[in-house]
Amino acid sequence: MKKHVVQLGLAAALLALTAPSMALTIGDIVVKSAYGERFSARVPLTLQAGEDVVQGCVRLDNLAGSNAGVPMLANYALTVEPVQAGKSAVLLSTSAALTEPVVRIGLVIRCGQKTSSSREFIVNQKPVQSAK
């Protein structure tokens, strides 16, 4: 029995070493808009050398855990922008101002079988500053 468990563990470890993987880091969101304006934000991505993230791999999804009561960002446009070698950015925007000052963004990156990374952001937009 012990020999069988050790063999299974070794096989799993070898499989993990040979399976393609992507070392992807989802950075902190940078919100460029204020409440009352069209939403605009940027999320930096860091990749391993030679790796790339294409538009079809990136989506927003409901990752709600304890934040299920916070409304999700809706009616958005999402673009993936290459920045430099090993760096990309996800650009998020809306064509209209948000009706909620706090929104939840569940960013999921999955390219076939080899990539799966996600991060949830809670965005609390500041009101537009009035000109004095």
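Author: Start at Ala49, in the loop between strand S3 (38–46) and strand S4 (58–60). Helices (H or I, at least four residues) and strands (E, at least two) are DSSP runs, numbered from the N terminus. Ala49 counts as exposed because its relative accessible area is 80%. The cut-offs are simple: buried is under 20% relative accessible area, exposed is over 50%, and partly exposed lies in between (1.4 Å probe, protein chains only). Ala85 is 36 residues away in sequence, yet the two C-alpha atoms are 7.0 Å apart.

A word on the source. This is a predicted model, in which residues are numbered from 1 along each chain as its sequence is written, and local features need pLDDT of at least 70. Side-chain atom pairs count only at pLDDT 80 or more, while totals for chains, interfaces and linings use all residues; side-chain values use heavy atoms, with hydrogens and water left out.

pLDDT is the predictor's confidence in each residue, from 0 to 100. Its mean over the protein is 80, and 78% of residues reach 70 or more. Residues 1–21 stay under 50, and the model gives them three contacts beyond four places in sequence. Where pLDDT is low, predicted coordinates should not be read in detail.

Now step back to the end of S3. Thr46 lies in that strand. At 31% relative accessible area, Thr46 is therefore partly exposed. Beyond four places in sequence, Thr46 touches Ala23, Leu24, Thr25, Gly86 and Lys87. Contact here means heavy atoms within 4.5 Å.

Move on to Ser88, in strand S6. Ser88 counts as buried because its relative accessibility is 4%. Setting aside neighbours within four places, its contacts are Val43, Pro44, Leu45, Leu47, Val80, Glu81, Pro82 and Val83.

From here, turn to the nonpolar core. The term means a set of buried Ala, Val, Leu, Ile, Met, Phe, Trp, Tyr and Cys residues joined through side-chain atoms within 4.5 Å. The largest one has 25 residues, and those touching the most other members are Phe39, Val53, Val58, Val90, Ile105, Leu107 and Phe121. S3, S4, strand S5 (76–84), strand S6 (87–97), S7 and strand S8 (117–124) each give two or more residues to this core. Take Val58 as an example. Leaving out neighbours within four places, Val58 is in contact with Val53, Leu78, Val80, Val90, Leu107, Val108 and Ile109. In soluble globular proteins, nonpolar side chains tend to be buried together.

Arg104 sits in strand S7 (residues 102–109). With a relative accessible area of 5%, Arg104 is therefore buried. A polar atom of its side chain lies 3.2 Å from the backbone oxygen of Asn67. The backbone oxygen of Val70 is 3.0 Å from a polar atom of the Arg104 side chain.

Next, the loop between S4 and S5, where Asn75 is found. Asn75 counts as exposed because its relative accessibility is 72%. Its phi is near 50°, a positive value in a residue other than glycine. Most residues other than glycine have a negative phi.

Finish in strand S8 with Asn124. Asn124 is exposed because its relative accessible area is 53%. Its contacts beyond four places in sequence are Pro101 and Val102. Tyr35 is 89 residues from Asn124 in sequence and 8.4 Å away in space, C-alpha to C-alpha.

Last, the whole. The protein has one helix and eight strands. From the N terminus on, they run α-β-β-β-β-β-β-β-β. Of its 132 residues, 31% count as buried. Among contacts between residues at least 6 apart in sequence, 61% join residues at least 24 apart.

Note on methods
Polar contact = N/O pair within 3.5 Å; in protein donor to acceptor, adjacent residues only side chain to side chain.
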